[in-house]
Amino acid sequence: MAGSSPDRHNFLPPPLTPLLLPALLFCIFKRCRYSLNFFTVIMGEHSAIWQSYVDSSLMGSGQFDKAGILAADFSGVEAASPGFALSQEEINSLITAYTSSDQAFANGFSVCGEKFVTIRADERSVYGKKGKEGVIIARASSCTIIAHHSEAVQTTNAATVVENLVDYLNNPR
C-alpha cells in the first residue's frame, strides 16, 4: 500500500513494548502465588527452594536430626537432609495415614525404615512416636513436610517448628 509504514503490522507502539515483559512476569508471579496447581509445578521444578527450607527452617532449627519434603501429590521426595530416605511403601503408608486415621492409629506408619506409633492423625498432620523419638508430618497446600526428632527433643517443640512452617507456606507474608 502506498504511504503505509513498514511497521504498520505491529500491534503495540514501540514505547509499550518494554512494558510487556514485566506485565507478563507479574501475571506469571500472581498465578504462581495463588494457583495451587501451577505453584506445585513451579516448585517441583525448583527443588533447590525446597532444599533451602529443609536446610534452614527444619535442620537449622536444631530440633531435627533428619527431614524431608514430599511433593504435594506424594509423588516423591523433593528435598531431604542427609540420612532421610523414603521408600514407595513408606510413602504409601503416609497416604493411608492421611486418608484413614483409624488405620493410622491401628497400624502406625514407617519413615526412614523406622516404625512409629501414631499419636495424631488428621487431614493436616500426622505425628508418630517410637520411644522418646518421633516424627512430625504436616501437609501444606504445596508439599508435605516430614521431620524426625531425637529423644533429646520434645515432640511439642518439634511440632511447633513444622506447623509454623506449614502456616507460612500456606499464607506467605
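Start by selecting R139 and Y98 in this predicted model: the charged end of R139 sits over the ring of Y98, 5.3 Å from its centre. For another view of this kind, pick R120 and Y127, where R120 lies over the face of the tyrosine at 5.0 Å from the ring centre.

Which residues of α4 are buried? Colour E90, I91, S93, L94, A97 and Y98. They cover an arc of only 160° around the axis, so they lie on the same side of α4. Turn to the face pointing away from that buried side and you will find the exposed residues E89 and T99.

Next, select W50 and Y53, both buried. Their rings form a tilted aromatic pair, 5.8 Å centre to centre with 45° between the planes. The two are 3 residues apart in helix α3, which means about one helical turn separates them. Then try F109 and F116, also both buried: this pair is stacked, at 6.0 Å centre to centre and 25° between the planes.

Finish with the largest nonpolar core, which has 22 residues. W50 is among the members that touch the most others, as are L58, I69, C143, I145, V162 and L169. Helix α6 gives the largest share, 6 residues. Click on V162 and show its contacts: leaving out residues up to four places away in sequence, V162 touches L58, F64, I136, A138, I145 and A147. Apart from this core lies another, of 18 residues, including L94, Y98, F109 and I146.

Notes. Residues numbered from 1 in each chain as written. Predicted model: local features only at pLDDT ≥ 70, side-chain atom pairs only at ≥ 80, totals over all residues. Heavy atoms only, no water. Core = buried A, V, L, I, M, F, W, Y, C linked by side-chain atoms within 4.5 Å. Buried < 20%, exposed > 50% of the residue type's maximum accessible area, 1.4 Å probe, protein only. Helix = DSSP H or I, 4+ residues; strand = E, 2+ residues; numbered from the N terminus. Contact = heavy atoms within 4.5 Å. Arc of directions from axis to C-beta. Phe/Tyr/Trp six-rings, centres within 6.5 Å; stacked < 30°, edge-to-face > 60°. Lys NZ or Arg CZ within 6 Å of the ring centre and 35° of its normal.
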